[in-house]
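Dear colleague,

I am passing on the structure below, and I would be glad if you could look through it alongside these notes.

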Amino acid sequence: RGPVIRTLQSLHLMLPPAHHVGGHHAKPHDKNFGIVNGLSNYALNPILKSPSLSSLLWAWALMSLFDVAVIERVLFPAATAAATAAGSAILGALGAAVAA
């Protein structure tokens, strides 16, 4: 790993190797599912250890917030691309207006 990756791992912005191998890949494989930086493990581990109905509903609600973006990109890729292009055009026009 390069110095940038090691620095990000030391700051826990990326998952450190010891946490990945010793936490995520350790038996019984029922904890530490966060694979980017592990910060979500603090919220997910208690839910996964003893899932109550309310904790499962909260987890479902939180994950549902991200579903909208996924559904939009999968079901309506042309609309997403058009919106991105329109947004880029608007930002470009604003940038040109500011520069002028």
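What follows is an account of the chain as a whole and then of a few of its residues.

This is a predicted model, in which local features need pLDDT of at least 70 and side-chain atom pairs count only at pLDDT 80 or more, while totals for chains, interfaces and linings use all residues. Residues are numbered from 1 along each chain as its sequence is written, and side-chain values use heavy atoms, with hydrogens and water left out.

On confidence, the average pLDDT (the predictor's confidence in each residue, from 0 to 100) is 75 for the chain, and 80% of the residues score at least 70. Among the elements, helix H1 (residues 3-10) has the highest mean, 87, whereas H4 has the lowest, 69, and I would ask you to read the remarks on H4 with that value in mind.

The chain holds five helices and zero strands, where helices (H or I, at least four residues) and strands (E, at least two) are DSSP runs, numbered from the N terminus. Of its 100 residues, 14% are buried, a word that stands for under 20% relative accessible area, with exposed meaning over 50% and partly exposed in between (1.4 Å probe, protein chains only). The accessible surface, taken from the Shrake-Rupley method with a 1.4 Å probe and, for residues, with only the protein chains shown counting as cover, comes to about 7700 Å², and 75% of this belongs to carbon and sulfur atoms. Of the contacts (heavy atoms within 4.5 Å) with a separation of 6 or more, 7% are between residues 24 or more positions apart.

Once its neighbours within four places in sequence are left aside, Gln9 is in contact with Arg1, Met14, Leu15, Pro16 and Pro17. Of these, Pro16 sits in the loop between H1 and helix H2 (17-24), and Pro16 is itself buried, since its relative accessible area is 15%. Pro16 and Arg6, which are 10 residues apart in sequence, have their C-alpha atoms 8.1 Å apart in space.

In helix H4 (residues 53-75), Leu53 counts as exposed because its relative accessibility is 63%.

With best regards
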